[in-house]
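I opened this entry to keep track of what I looked up in the model. The notes follow the order in which I went through it.

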Amino acid sequence: MDIELRHLRYFVAVAEELHFGRAAQRLHMAQPPLSQAIRQLEAAVGCPLLTRTSRSVRTTPAGDAFLDRARRTLRNLDRDVGEARSIGRGEAGVLHLGYVGSVMMTVLPQVLRRHLDELPGVELRLHESFTARVVDGLLDGSIDAGVVRDPDPVPGLVTTPLLTEAYVAVAPATHPAATAAEASVLALRDDPFVGPPRSAGARAFEKPLSLCEERGFRPAVAHEASHWLTILRLVGAGLGVTIAPECVRTIAGPDVRCLALPDARVRSEVALVHREGEMRPMVAAFERVAAASGGQPPA
């Protein structure tokens, strides 16, 4: 006879109560089938697990050892069922998240805090990179989801906007336009530009430049850098100007000025990206948290 989980539960109840009647009451069953199940269990094990008299029930030495193992098996089963249930609801597992550095100045810290609060069983592994590389990671399967800026449309990927930002002009504090709080992009017409490389993301590269093209010029990009902090330091050193998402105000030093561009119609978009047809609840749960946090600035 195969030993079933019910045999373990029945035996634990009898061994803990040391009374068939009380054990049957605890299990919400009649006593005769309980006694029969214990006899079946002992037959399967091949030795007595309980000694019975008209007045008492006691575990045998084999019963003591089996009781410990039975409790451990039931505990492990409960834990495994709970873990599978959590994974099925997206509440456990390992999520590889790609992101671009600039979103750390916008919505991502809020998303990560909320995700930690709501889904503490999910281990987040963060991978900072460019938008283009996050997209590559999604396509090759090394990344599960990405929070990126101005992604290009890519077959096989789904993009969900989280927030949009205005662009600002960033100029050295000594620039003639830096005396005002806002400017036209025409004020930057004669300046070399500093910015991220086109390889980081073609759309993210072109959108700021399109603001200049609307005013009849395309600036020459004299210097490239991978991170906005570096770009702002190069601007502050007088190597050029740039057009950046408004979030760079949070890292601007005294050597630069961030000027609003009231005439600019184009905005930068922060978006969540994942694979088309993604079915894992863990990814859906992250998307739900990210969407609920979208547009909220870090606290």
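How many nonpolar, polar and charged residues does the lining of the largest cavity have? I got 5 nonpolar, 1 polar and 3 charged residues. For these classes, Ala, Val, Leu, Ile, Met, Phe, Trp, Tyr, Cys and Pro count as nonpolar, Asp, Glu, Lys and Arg as charged, and the others, Gly among them, as polar.

Entry on conventions. The model is predicted, and I kept to its limits: local features need pLDDT of at least 70, side-chain atom pairs count only at pLDDT 80 or more, and totals for chains, interfaces and linings use all residues. Residues are numbered from 1 along each chain as its sequence is written, and side-chain values use heavy atoms, with hydrogens and water left out.

Entry on the cavity. I worked with a 1 Å grid over the protein atoms alone, where a cavity is a set of points that a 1.4 Å probe fits but cannot get out of, and a pocket is an open set with protein on both sides within 12 Å along at least five of seven lines; lining residues have an atom within 4 Å of a point. Grid points are joined across faces, edges and corners, and a volume is the space filled by probe spheres set on the points. By this rule I noted 1 cavity of 30 Å³ or more. The largest cavity has a volume of about 60 Å³. Its lining consists of Ala183, Ser184, Val185, Leu211, Glu214, Arg215, Leu261, Asp263 and Ala264.

The largest pocket has a volume of about 620 Å³. I found 35 residues in its lining, and Ser102, Pro196, Ser226, Trp228 and Ile231 lie nearest its centre. Two or more lining residues each come from helix 6 (131–140), strand 8 (193–195), helix 7 (202–213), helix 8 (228–236) and strand 10 (242–245). Helices (H or I, at least four residues) and strands (E, at least two) are DSSP runs, numbered from the N terminus. Helix 7 gives the largest share, 4 residues. By class, I wrote down 20 nonpolar, 11 polar and 4 charged residues for the pocket lining.

Entry on domains. The domain assignment gives domain 1 (5–84) and domain 2 (95–298); such bounds come from an automatic or database domain assignment. The centres of domain 1 and domain 2, taken over C-alpha atoms, are separated by 62 Å. In UniProt, I found an unreviewed entry that places the feature "domain: HTH lysR-type" at residues 3–60. UniProt positions are given in the numbering used here, feature names are shortened, and annotations may be inferred rather than shown by experiment. Residues 3–60 are 60% helix and 10% strand, and their end C-alpha atoms lie 19 Å apart.

Entry on helix 1. Helix 1 (residues 5–17) has 13 residues and reaches 18 Å from its first C-alpha to its last, close to the 18 Å expected at 1.5 Å a residue. The expected span is 1.5 Å times one less than the number of residues. Its buried residues are His7, Leu8, Tyr10, Phe11, Val12, Ala13, Val14 and Ala15. Buried means under 20% relative accessible area, exposed over 50%, and partly exposed in between (1.4 Å probe, protein chains only).

Entry on positive phi. I placed Leu18 in the loop between helix 1 and helix 2 (20–26), and its relative accessibility of 30% makes it partly exposed. His28 is not a glycine and has a positive phi of about 60°. His28 is found in the loop between helix 2 and helix 3 (31–45), and at 75% relative accessibility His28 counts as exposed.

Entry on distances. Which residue is 118 residues from Val158 in sequence but 5.5 Å apart in space, C-alpha to C-alpha? I read off Glu276, in the loop between strand 12 (268–275) and helix 9 (281–293). Glu276 is exposed, with a relative accessible area of 59%. Asp191 sits in the loop between strand 7 (167–172) and strand 8 and is partly exposed at 21%. The C-alpha atoms of Asp191 and Val12 are separated by 81 Å, at 179 residues apart along the chain.
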